[in-house]
Structures are given as structure tokens and as C-alpha cells.
Amino acid sequence: MSNEELIIKVLAEEGNMRKAAERLFLSQPALSQRLQSIEKDWGQQLFIRSQKGLSPTPAGELVIQYAIETIQRKEEVFEVLHTMTSKVHGTLKIACATIIGQNWLPKVLKDFVTLYPEAKIQLITGWSSEIVRSLYEGEAHIGIVRGHTDWKGTKKHLFKDTLYLVDKEIRSLEELFQTERPFIQFKSDSNYYEEIQQWWQKHFASNPKRQITVDQIETCKQMAVNGIGYAILPSITLTGSEDVHMMALTNNKEELELTRDTWLIGYESAFQLRQVEAFVDIVEKHAALLR
């Protein structure tokens with residue numbers, strides 16, 4: 001890969017000569033000259049210049065795709081080369097369930113960057129269904145997901161945490177039969193909703209009288225901690241310092257606590273990368289503390 005591929009990629013991403021020049025640490029005249037030279041080499045105009053910025057021509061779209069694929073291929077080759085050395089280099093691409101990314105992963109990553117300062121980290125967070133898609137599309141080496149997953153590749157169980165009903169006023173699950181307090185829920189993948197709904201239907205004849213839905217689990221937690229209503233939260237989000245009553249959800253028949261599993265998933269080829277091996281080792285040590 002030459003600097004030409006990088007110049008084409010940055011110009012396409014920015015769509016603006018000034019911004020692209022700043023990213024490439026070049027002057028605008030120098031960048032303009034480089035672009036003219038690149039277009040001459042290809043024998044085609046790659047971008048149309050206007051007051052609004054740069055727009056790729058049809059030929060430009062082909063060259064842009066080539067540049068992106070060339071850069072990506074070089075990164076992949078570098079990663080393979082780095083597996084042959086004893087040091088941990090390269091980029092570690094992680095796709096992680098938001099709950100874990102907010103409450104558990106930072107401690108793991110702190111150890112990783114301390115032990116392997118030469119490695120780089122790219123982190124994507126989202127719902128577990130989105131994590132699986134990131135692995136399929138090659139956006140991540142390794143995924144951390146919650147609940148049930150149909151992943152057919154390498155899959156390592158990390159830990160399970162208990163689901164708690166959390167509230168400032170309610171002290172027992174029996175009080176839910178009569179309470180007028182709202183049930184605060186956070187948006188999640190359907191798997192989590194199904195677990196909560198199944199538990200509710202086993203215990204109660206009707207839906208909660210009042211409900212509030214928020215978009216983030218942290219918002220849900222803060223509303224419950226501040227006394228607005230009750231919420232069902234996994235123990236991974238609770239530090240123990242919250243001034244609330246905590247009641248573990250249980251199955252009526254066996255009286256077993258309801259739990260939610262956390263898994264490490266990925267393709268076998270990714271687990272062989274040196275930076276992934278190092279990360280998995282740290283993850284398993286931290287996970288062992290929660291078992």
C-alpha cells in the first residue's frame with residue numbers, strides 16, 4: 001500500500017480538500033497536486049470539485065473501493081505477521097454488549113493496555129444481536145454477548161449474574177401485586193425481554209399497571225435509584241453502594257435464582273491472533289472472580 005490509497009480513502013471520507021489536508025498533515029496545494037498526479041496515473045478523473053466539496057465520479061468509486069480493500073488487506077497481513085512474534089502488536093477489535101462495556105470491560109481493558117502498550121483497541125458496543133452481526137461482517141475479532149446465542153463458532157462461557165428487582169420502597173416481590181409504582185424498563189434485544197416477560201407471566205395475571213420505557217440501562221438504573229419506580233437489573237450493573245432494596249428473581253417451582261449468562265464468541269481463526277489470545281487470557285482471569 002502506498003500513500004496514494006490513504007489519500008484516496010481520506011478524500012472520500014471527508015469530501016472536503018481542507019479537512020482531508022488537515023488529516024493527512026499536508027497543505028491544500030500539496031494535496032491538490034498529489035490528487036492530480038493520482039488521477040493522471042489512473043487516467044481518469046476520480047473526484048468532481050465544487051463549492052460543496054468533493055464528489056466521486058463512477059471511476060472514483062471503483063478506485064475508492066480498491067483503496068479501502070488494499071488498506072484492509074495490509075492490516076490483515078500485519079496481523080498475521082504479528083502472530084509470529086512474541087510481542088503483542090496489532091489492533092484488537094472487540095464488539096461488546098453495552099451492559100458489559102459499561103460495567104465490566106473497562107477493568108479488563110485497563111489490564112490489557114498496561115501489559116500490552118503496543119497493541120491498539122477498537123471497541124464497538126451494542127445489543128447482543130448487533131455483536132453477532134459485527135463478527136459476521138468482519139468488523140470485530142471477538143464478541144462478548146449476553147443471554148442465549150446461536151453462535152456456531154468458538155464460544156466460551158464467562159460468568160452468570162443474577163437478575164434483581166430494585167426499588168427504593170418495595171421490599172418484597174409480593175408487594176408487586178398491589179403497588180401503583182411504575183415498572184421502569186430499558187430497551188434491549190428480544191431475548192432479554194422474553195426472559196422478563198416469561199417471569200412476569202408466571203407470577204402475575206396481568207401486566208404492570210404503570211410502565212416507563214427508557215433507551216439505556218444506565219438511565220433505567222438511575223431512575224430506580226432515585227425512587228421513580230422499580231426496575232429489573234442484572235447484578236453486573238449493581239455495585240452494592242446503591243441505597244435500594246434488592247430482591248433476586250426466582251422460579252416459583254424450584255426457587256432457583258434467574259440468571260443471565262455472558263459469553264465470549266468468535267471465529268477460531270481470530271482466537272489464534274496474538275492480541276486476541278492475550279485479551280482472552282485477561283478476560284478469563286477477571287471472569288473467574290465472578291464465578
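At what angle do the axes of helix H1 and helix H2 cross, and within what distance do they come? The legends below take up this pair, then two further views of the predicted model.

**View 1. Helix H1 crosses helix H2.** H1 covers residues 3-14, and H2 covers residues 17-24. Their axes come within 9 Å and cross at roughly 135°. That angle makes H1 oblique to H2. The crossing is right-handed. From H1, the contact uses Leu-6, Ile-7, Val-10, Leu-11, Glu-13 and Glu-14. From H2, Met-17, Lys-19, Ala-20, Arg-23 and Leu-24 meet them. By class, this contact has 7 nonpolar residues, 4 charged ones and no polar ones.

**View 2. Strand S11 pairs with S5 and with S6.** S11 runs over residues 259-266 and is mostly covered, with 6 of its 8 residues buried. Strand S5 (residues 142-146) pairs with S11 in the antiparallel sense, over 4 bridges. Look for Val-145, whose bridge partner in S11 is Trp-263. S6 also pairs with S11 in the antiparallel sense, here over 8 bridges. Lys-156 has Leu-264 in S11 as its bridge partner.

**View 3. Thr-162 sits in strand S6.** This strand spans residues 154-167. Is Thr-162 buried or exposed? Thr-162 is buried, because its relative accessible area is 11%, under the 20% cut-off. Leaving aside residues up to four places away in sequence, Thr-162 touches Leu-233, Pro-234, Ser-235, Ala-248, Glu-257, Leu-258 and Thr-259. Now find Gly-138: Thr-162 and Gly-138 are 24 residues apart in sequence. In space, 32 Å separates the two, C-alpha to C-alpha.

Key
Residues numbered from 1 in each chain as written. Predicted model: local features only at pLDDT ≥ 70, side-chain atom pairs only at ≥ 80, totals over all residues. Heavy atoms only, no water. Helix = DSSP H or I, 4+ residues; strand = E, 2+ residues; numbered from the N terminus. Buried < 20%, exposed > 50% of the residue type's maximum accessible area, 1.4 Å probe, protein only. Contact = heavy atoms within 4.5 Å. Axes fitted to C-alpha atoms, helices over the stretch in contact; angles between N-to-C directions. Parallel < 35°, antiparallel > 145°, perpendicular 65-115°, else oblique. Left-handed = near helix turned anticlockwise from the far one by under 90°. Nonpolar A, V, L, I, M, F, W, Y, C, P; charged D, E, K, R; others polar. Pairing = 2+ DSSP bridges.
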